[in-house]
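Here is a short note for a colleague who is about to look over this model. Please read the points with the structure open beside them.

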Amino acid sequence: MENISSTAELQHAIQLLEAEQDLKLLLVKYHFHQAYESLKPANLIQNTLKEIAVSPHLANNFLGAGVGLATGYLSKKAVSGQSNNKFRRFLGIIVQFGITNIIARNPKTIQSIGRFVSHHIFHKEE
């Protein structure tokens with residue numbers, strides 16, 4: 001800054017500094033509000049779901065894990081059913097764990113098998 005030699009220049013410099021301070025205060029308030037909004041639980045969940053939807057890798061991982069869990073659960077029910085036999089229930093848990101892991105780790109293979117099966121079931125050749 002230059003040396004101030006008159007009261008008019010001093011008043012002008014003070015006004016400029018006050019305007020700059022007001023602008024910086026508005027920016028701080030804006031950034032605080034943005035941070036506050038981004039840390040709300042609903043917004044955290046919404047942003048996470050948006051990131052999952054945008055990222056095909058994460059979406060495929062979650063889809064594979066979900067299909068694996070559902071298939072594992074259904075296979076457990078098929079093996080053990082409503083049985084009170086401890087061996088059948090244990091065998092159902094083992095089958096569920098195995099199928100869940102296989103499907104969750106190989107989603108591309110499962111997708112290609114699903115496409116193959118659906119193609120042959122729904123697209124009958126005439």
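The points below go from the basis of the model to its fold, its surface and one residue.

1. This is a predicted model, in which local features need pLDDT of at least 70 and side-chain atom pairs count only at pLDDT 80 or more, while totals for chains, interfaces and linings use all residues. Residues are numbered from 1 along each chain as its sequence is written, and side-chain values use heavy atoms, with hydrogens and water left out.

2. The secondary structure comes to 5 helices and 0 strands, where helices (H or I, at least four residues) and strands (E, at least two) are DSSP runs numbered from the N terminus. With a radius of gyration of 31 Å, well over the 14 Å that the globule rule gives for 126 residues, the protein is more spread out than a compact globule; the radius is taken over C-alpha atoms, and the rule is 2.2 Å times the number of residues to the power 0.38. The C-alpha trace spans about 95 × 50 × 20 Å along its principal axes.

3. Of the 126 residues, 10% count as buried, that is, under 20% relative accessible area, with exposed meaning over 50% and partly exposed in between (1.4 Å probe, protein chains only).

4. Lys 77 has its place in helix α3, which covers residues 56-80, and is partly exposed, with a relative accessible area of 35%. Its C-alpha atom is separated by 34 Å from that of Val 54, 23 residues apart along the chain.
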